[in-house]
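Here is a short note to read with the model open beside you.

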Amino acid sequence: MSRFTIIFVLSVASTVLGAPKPQQSQDASGIELLRYNSTNNNEAGYQFTYEQSNKQIFSELGTPKDTNDGTKVLAVEGAYTFVAPDGQTYWVNYRADENGFLPKTGTGTVGGIQPGQDAPVRT
């Protein structure tokens, strides 16, 4: 083997062994992030959604709104769904604006946010 070949092989080996490990797509409990979207339009509002392999889904949309008295508020619509340790699916759909926090809650797979869906969820 030539000296050039040995140096090349050692170079490649040290690069591969010294390279940072790729990020894992799951946390220590084995839950994977399946979907994540986030948009922040500053004063024009925001939207985000995440969905995990443990069937937890959370999505929220915030948009500026003028009230009847001329005040600007941030109107928020959102939804989240999760499976509790008892195996039951729980969900919350909500609005929050100048009228307060207005949730609608339930159990089961019908009525909450579904996989692939984004807020607002109207049921």
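1. Let's begin at a serine. Ser38 touches Gln47 and Phe48, not counting residues up to four places away in sequence; contact here means heavy atoms within 4.5 Å. The place of Ser38 is in strand S1. At 47% relative accessibility, Ser38 counts as partly exposed, where buried means under 20% relative accessible area, exposed over 50%, and partly exposed in between (1.4 Å probe, protein chains only).

2. A word on what you are looking at. This is a predicted model, in which local features need pLDDT of at least 70 and side-chain atom pairs count only at pLDDT 80 or more, while totals for chains, interfaces and linings use all residues. Residues are numbered from 1 along each chain as its sequence is written, and side-chain values use heavy atoms, with hydrogens and water left out.

3. Now the overall plan. The protein chain has one helix and six strands, in the order α-β-β-β-β-β-β from the N terminus on. Helices (H or I, at least four residues) and strands (E, at least two) are DSSP runs, numbered from the N terminus. Of the 123 residues of the protein chain, 25% count as buried. Among contacts between residues at least 6 apart in sequence, 24% join residues at least 24 apart.

4. Is Arg35 buried or exposed? Arg35 is buried, with a relative accessible area of 18%. A polar atom of the Arg35 side chain lies 2.9 Å from the backbone oxygen of Gln117, and a polar contact of 3.0 Å joins the side chains of Arg35 and Asp118. A polar contact is a pair of N or O atoms within 3.5 Å; within protein, one must be able to donate a hydrogen and the other to accept it, and residues adjacent in sequence count only if both atoms are side-chain atoms. Leaving aside neighbours within four places in sequence, the contacts of Arg35 include Thr49, Tyr50 and Glu51.

5. Next come the strand pairings; two strands pair if DSSP finds at least two bridges between them. S2 and S3 are antiparallel, with six bridges, and Thr49 stands opposite Ser59 in S3. S3 and S4 also pair in the antiparallel sense, over ten bridges, with Lys65 opposite Val73 in S4. Their hairpin has five residues between the strands, and Gly70 in the turn has a positive phi of about 90 degrees.

6. Further along, strand S4 (residues 72-83) and strand S5 (residues 89-97) are antiparallel over eight bridges. In S5, Trp91 is the bridge partner of Thr81. Five residues lie between the strands in the hairpin of S4 and S5, where Gly87 takes a positive phi near 90 degrees. Eight bridges join S5 to strand S6 (residues 100-107), again antiparallel, and Ala96 stands opposite Phe101 in S6. The hairpin of S5 and S6 has two residues between the strands.

7. Some backbone angles deserve a look. Asn42 has a positive phi of about 50 degrees although it is not a glycine. Asn42 is found in the loop between strand S1 (33-40) and strand S2 (46-52), and is exposed at 62% relative accessibility. Lys55, likewise not a glycine, has a positive phi of about 75 degrees. Lys55 lies in the loop between S2 and strand S3 (57-66) and is exposed, with a relative accessible area of 58%. The peptide bond from Ala119 to Pro120 is cis, with omega near 5 degrees, and Pro120 has its place in the segment after S6.

8. Finally, which residues lie nearest the centre of the largest pocket? Of its 16 lining residues, these are Lys55, Ile57, Thr81, Ile113 and Pro115. The elements that give two or more residues to this lining are S2, S4 and S5. The volume of the largest pocket is about 200 Å³.

Note on methods:
On a 1 Å grid over the protein atoms alone, a cavity is a set of points where a 1.4 Å probe fits but cannot get out, and a pocket is an open set with protein on both sides within 12 Å along at least five of seven lines; lining residues have an atom within 4 Å of a point. Grid points are joined across faces, edges and corners, and a volume is the space filled by probe spheres set on the points.
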